[in-house]
Amino acid sequence: MTPLEIANRKAWYGSQFAAFERNLNGGRASSVHRTRRASMERFNGIDFPTARSEDWKYTSLDPLLQHNFAGYSAVEGLAPAAVEPYVWEDTPHYRLTFVNGRHTASSSRLPEGGAPIQIRTLGNVLEEDPQGIEDLLRSMPEAHDPFTLLNTAFLLEGAVIDVPDGMAVDKPVHLLFLSAPDERALVTYPRVILRVGREARVSVSEHFASVTPHVHFTNVVTQMAVGADAVVHYHRIQDENPNSFQIGLTQIVQARRSRVHSTVVTLGGRLTRNFIHLVLADEHIESTLNGLYLTRGRQHADHRTLIDHAKPHGTTHELYKGILDGHSTGVFNGKIIVRPDAQKTDAKQSNNNILLSEDATVNTRPQLEIFADDVKCTHGATVGRIDEDALFYLQTRGLNAEAARNLLTYAFAGEILERIQVPALREKLNARLRDRLQH
Amino acid sequence: MLEIRNLHASIDGHEILSGIDLTVRRGEVHAIMGPNGSGKSTLAHVLAGRPEYVVSQGEVSFDGRNLLDMTPDVRACEGVFLAFQYPVEIPGVNNTYFLKAALNAIRKYHGEEELDAMDFLQLVRERMKLVEMDEELLKRSVNEGFSGGEKKRNEIFQMAVLNPRLAILDETDSGLDIDALRIVARGVNTLRSADNAILVVTHYQRLLNHIIPDHVHVLVDGRIVKSGGKELALELEEKGYDWTRETAAAPV
């Protein structure tokens, strides 16, 4: 894109913000709105990144920036029957459903009084407890990229989940973000805020899907503050249609002896950027970051993680796997910082990729910045094809070439899926994977 | 059952098999012996359909049908089974799941109904006993982390479940201690019948003490230079392969 086109796109978001403000009415006087405006001003002061920017070297934003996305949906939710295919059957769970960014109460299932968890929509919390939200925003790492700034500028709807100290949440939480067709191509700015108290346990899954193959854009920010000795299972499923765009930032700040198990599964999207920024803010923290991306056609999936070992005795294990077919492209960038204070850090990172076609490509890049001397850090990346010996072996037992190839691909992906602790989610993803592998 | 006529095969432009003729009838056990590099394993893999090998001349028919025209999976469905010298480790593919998929693919090929989980499990339990295999191995990924002996037993176990008409055992004795060798051989002997045939490819005679062949062929430089009965194996053990080389070179 030319500089003029980029300037036009920025102006477009500026005009959208003006329209957004007009619709807020009374909300414009709140302190949160000052935060929004400040964010918009910072957005105006920077440019969208190009390939010259180190962090965007392998991901071109051109396909995304070609669209003028509109910010408001005319669609009022979806009928429960349209939501049903995405719902976890037979598994008791809590659920918040959003359609085109708006909360759809009829398809949500909220905890009743006395439940070990509080789940609210951001819209409600902004009215009830704006100060709490502001405090949390300030406690998280500051982001400087244009998309996070836009998300904050348009902060309005999303999920706020609070787990009090010592509470083990009895049911997993399913946050369902559905996109339905609208007269215009829409952008949504969901914000998920998760505050987990000391010694609390919770499982949260964010699931993004589109009900038809229309163009849309999801710009999502998730912020997670994990208390001491808490355990969090976190899942991000990107299953939006192959014409859609998604840019997501997940910030996780962990306190002493807490554990986070994160799994990202990307199946959809024309262009997906998934960035997890993990801060090990105290000692004896353990985190696992797992990822799986399956791309085909013209899909592009960019996964990056920034793991910040700030304190001693931190353990992080990271495994991202990619399966790329067609003309699709993938990027993995795993950065690990070990600060001078973070002695006895144990960080392990792997990224393994299988290319199913001659035209698929992947760029994988580990980045280790180690400033402590008594640490154990390993990283490894592989890019390969289906193992021909294994393929032949399976064929000599009677499986045809396609079945054998699918079985091997499925097995490669299975290593990530089998680690998911929510059976309903694991089964749904297994079924999606089987669908995908049968072309 | 198996007719090989003037078979020539090469890999990366190097000819390995230079005119093999061999006839195997139903109910027979044939041993193919020969020194390292003589082409024994190549013959086994060409029969199974390994794509890296190019057949430049000759014919192979299996029950009157052209075997060389079939993909490896069709050969398997028709009843050809290769027990690998080096069974492949396949992480993430469960042994039981794999075997069930294979068995049902073969059944489907023959227009038979797929076995349900119960019937399959019963069959598997029964066949495991043949090779005294630990049931734990069924729950693991195919061959992953198996010892050399466990891998070889797993091959014969698969053979027992899939029940092929022609089993090709490629150096099944290599890497086996004497106890494991006995177990594997007993498994093979139990599967011997008047309807199927076995091709035993081996460097050493010792396996043939346990699996007694009807015919022994000596392969040298890609050709069968000598054929005989089971006593030929003993003669080879005594005199070494150089002896066959000399006889082969001698004018007839």
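Mentor: In chain A, helix 2 (residues 31-44) packs against helix 7 (residues 146-153) with the two axes 7 Å apart and at an angle of about 150°. This is a predicted model, in which local features need pLDDT of at least 70 and side-chain atom pairs count only at pLDDT 80 or more, while totals for chains, interfaces and linings use all residues. Residues are numbered from 1 along each chain as its sequence is written, and chains are lettered from A and ligands numbered from 1 in the order in which they are written.

Trainee: How are helix 2 and helix 7 of chain A oriented to each other?

Mentor: Two packed helices are described by the angle between their axes and the distance between the axes. Helices (H or I, at least four residues) and strands (E, at least two) are DSSP runs numbered from the N terminus, and angles run from 0 to 180 degrees between N-to-C directions of lines fitted to C-alpha atoms, for helices over the stretch in contact. Helix 2 and helix 7 of chain A are therefore roughly antiparallel (over 145 degrees; under 35 is roughly parallel, 65 to 115 roughly perpendicular, the rest oblique).

Trainee: Which residues make the contact of helix 2 with helix 7 of chain A?

Mentor: Contact here asks for C-beta atoms, placed from the backbone, within 7 Å. Helix 2 of chain A gives Thr35(A), Arg36(A), Ser39(A), Met40(A), Arg42(A) and Phe43(A), and helix 7 of chain A gives Pro146(A), Leu149(A), Leu150(A), Thr152(A) and Ala153(A). By class they are 6 nonpolar, 3 polar and 2 charged residues (Ala, Val, Leu, Ile, Met, Phe, Trp, Tyr, Cys and Pro are nonpolar, Asp, Glu, Lys and Arg charged, the others, Gly among them, polar).

Trainee: At what angle do helix 8 and helix 9 of chain A pack?

Mentor: Helix 8 (residues 388-395) and helix 9 of chain A meet at about 125°, with their axes 9 Å apart, and they are therefore oblique to each other. Among the residues of this contact are Leu391(A) and Leu394(A) of helix 8 of chain A and Leu407(A) and Leu408(A) of helix 9 of chain A, and the whole contact divides into 7 nonpolar, 1 polar and 1 charged.

Trainee: How many residues does each chain give to the contact between chain A and chain B?

Mentor: Chain A gives 17 residues and chain B gives 20. On the side of chain A, helix 8 and helix 9 are the elements that give two or more residues, and the largest share, 7 residues, comes from helix 9 of chain A.

Trainee: What is the strand order of the open sheet in chain A?

Mentor: Strands of a sheet pair through backbone hydrogen bonds, either parallel or antiparallel; pairing here needs at least two DSSP bridges. The 10 strands of this open sheet in chain A follow the order 2-1-5-8-10-12-14-16-18-20, with mixed pairing. Strand 2 (102-103) and strand 20 (376-384) of chain A are at the edges with a single partner strand each, so one side of each has no neighbour in the sheet. Within the sheet, strand 10 (residues 231-239) and strand 12 (residues 259-266) of chain A run parallel and are joined by 8 bridges, and Tyr234(A) has Ser262(A) as its bridge partner in strand 12 of chain A. Helix 9 (residues 401-417) of chain A lies across strands of chain A including strand 12, and runs at about 150° to strand 16 of chain A.

Trainee: What order do the strands of the open sheet in chain B have?

Mentor: In chain B, which has 9 helices and 12 strands, an open sheet of 6 strands has the order 6-9-10-3-11-12, with mixed pairing. Neighbouring strands of this sheet are turned by 20° against each other on average, direction ignored. Strand 11 (residues 215-220) and strand 12 of chain B pair in the antiparallel sense over 5 bridges, and Val216(B) has Gly228(B) as its bridge partner in strand 12 of chain B.

Technical notes. Contact = placed C-beta atoms within 7 Å.
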